[in-house]
Amino acid sequence: MSNLSPPVKPRGSIAALKNVSGFFELVSRVRDRSPSLPNIGVMHGRSGDGKSYASIYAQNKTRAIRVEVGDSWTRKTLLCAILQECGVHRPSGSVAELSQLAIQTLAEEPRRPLFVDEADKICDKNYIELIREIAMGSNVPVLLIGEERLPSKLAQVERLHNRILAWFGAEPCDLADARKLAELLLPESVTIEDALLDEIRVQGDGRARRIATSLDGVGHWARNAGVKAVSKANYDGAIYTGEAPKARAAKLIVKPEIVASNTRRAS
């Protein structure tokens, strides 16, 4: 008997998604820039367009320091998060002291990028100048990631805006992107026709997250129905559009004996 495992069918890679490869090109450009050029890059796009897929892939490839800004974050929270990702245990001190420590720590690996996701929130709270200070002091590649309005928000801060080397706008998924997501997310035994896949893409507004959610539903439906080839003709499961479910009118259930009693009283 052979102990060899059966061959595994190669699966897709998120590297093939256009926004993933586009963001990685942006990171590479900022990393490989001439020393005299600015060291900030920006990726912007709609919610659900795959910016997180892109940043996580690039993080794994470059060992980037990555932080995702929270709604409640302050200058100090941001600096502590960066330092913790750099391996500094329980950073403490004033904002100025933490900023200098972050600059020094980042500068120890000048080609290791810093990714700041949800950078819109820093703009909204008016401490985006702290990013400029870190970028200038450390000279590491800094990549800001945010929603559609991030470029206009950054344009209001001239000193930072002037230090941006390149921009990348995330785009809606096309059918090729949707096919790559299907290869990643569907069970190996399940196939999906282009017509249904494109319907999922269109109804999901081309947003990678919505497409992924629908494909997860397709996989569960196929498994439960015992179907290997899923098409528009046989699929009767849900397609995720991002819209909230419509409320159904409540039906009042009344016991027959109560109805009879009320009728006798009326007569």
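A crossing of helices is left-handed if the near helix is turned anticlockwise from the far one by less than a right angle, and right-handed if clockwise. I wrote that down first for the helix pairs below.

**Ground rules**

I'm working from a predicted model, where local features need pLDDT of at least 70, side-chain atom pairs count only at pLDDT 80 or more, and totals for chains, interfaces and linings use all residues. Residues are numbered from 1 along each chain as its sequence is written, and side-chain values use heavy atoms, with hydrogens and water left out.

**Entry: the whole chain**

I looked up the overall make-up and got twelve helices and seven strands. Helices (H or I, at least four residues) and strands (E, at least two) are DSSP runs, numbered from the N terminus. The chain has 267 residues, and 41% of them are buried. My cut-offs there: buried is under 20% relative accessible area, exposed is over 50%, and partly exposed is in between (1.4 Å probe, protein chains only).

Then I checked contacts, meaning heavy atoms within 4.5 Å. Of the contacts with a separation of 6 or more, 74% are between residues 24 or more positions apart.

For the record, axes are lines fitted to C-alpha atoms, for helices over the stretch in contact, and angles run from 0 to 180 degrees between N-to-C directions. Angles under 35 degrees count as roughly parallel, over 145 as roughly antiparallel, 65 to 115 as roughly perpendicular and the rest as oblique.

Which hand does the crossing of H4 and H6 have? I get right-handed. On the H4 side I find Ser 99, Gln 100, Ile 103, Leu 106 and Ala 107, and they meet Leu 130, Glu 133, Ile 134, Gly 137 and Ser 138 of H6. Sorted by class, this contact holds five nonpolar, four polar and one charged residues. The sorting puts Ala, Val, Leu, Ile, Met, Phe, Trp, Tyr, Cys and Pro in nonpolar, Asp, Glu, Lys and Arg in charged, and the others, Gly among them, in polar.

I also listed the buried residues of H6: Leu 130, Ile 131, Arg 132, Ile 134, Ala 135 and Ser 138.

Most residues other than glycine have a negative phi, so I went looking for exceptions. Asn 126 has a phi near 65° and lies in the loop between helix H5 (120-124) and H6. Buried or exposed? Asn 126 counts as exposed, at 63% relative accessibility.

After H6 comes Asn 139, again with a positive phi, near 65°. Asn 139 is in the loop between H6 and strand E4 (142-146) and counts as partly exposed at 35%.

**Entry: H11 and its neighbours**

Helix H11 (residues 208-225) has 18 residues and reaches 25 Å from its first C-alpha to its last, close to the 26 Å expected at 1.5 Å a residue. The expected span is 1.5 Å times one less than the number of residues. Its buried residues include Ala 208, Ile 211, Leu 215, Val 218 and Trp 221. What do the buried residues of H11 pack against? I noted helix H2 (51-62), helix H9 (175-185), strand E6 (191-192), helix H10 (194-203) and E7. Just after H11, Gly 226 takes a positive phi of about 70°.

Next I zoomed in on H10 with H11: the angle is about 140° and the axes are 9 Å apart. The two helices are therefore oblique to each other, and H10 passes H11 in a right-handed crossing. Leu 197, Ile 200 and Arg 201 in H10 meet Ile 211, Ser 214, Leu 215 and Val 218 in H11. I count these by class as five nonpolar, one polar and one charged.

I finished in the loop between strand E7 (229-230) and helix H12 (256-266), where Gly 242 sits. Gly 242 is partly exposed, with a relative accessible area of 34%. Its C-alpha is separated by 9.6 Å from that of Arg 209, 33 residues apart along the chain.

Asn 234 is in the loop between E7 and H12 and counts as partly exposed at 30%. Not counting residues up to four places away in sequence, Asn 234 touches Trp 221, Val 227 and Ala 229. Asn 234 and Ala 222 are twelve residues apart in sequence and 9.9 Å apart in space, C-alpha to C-alpha.
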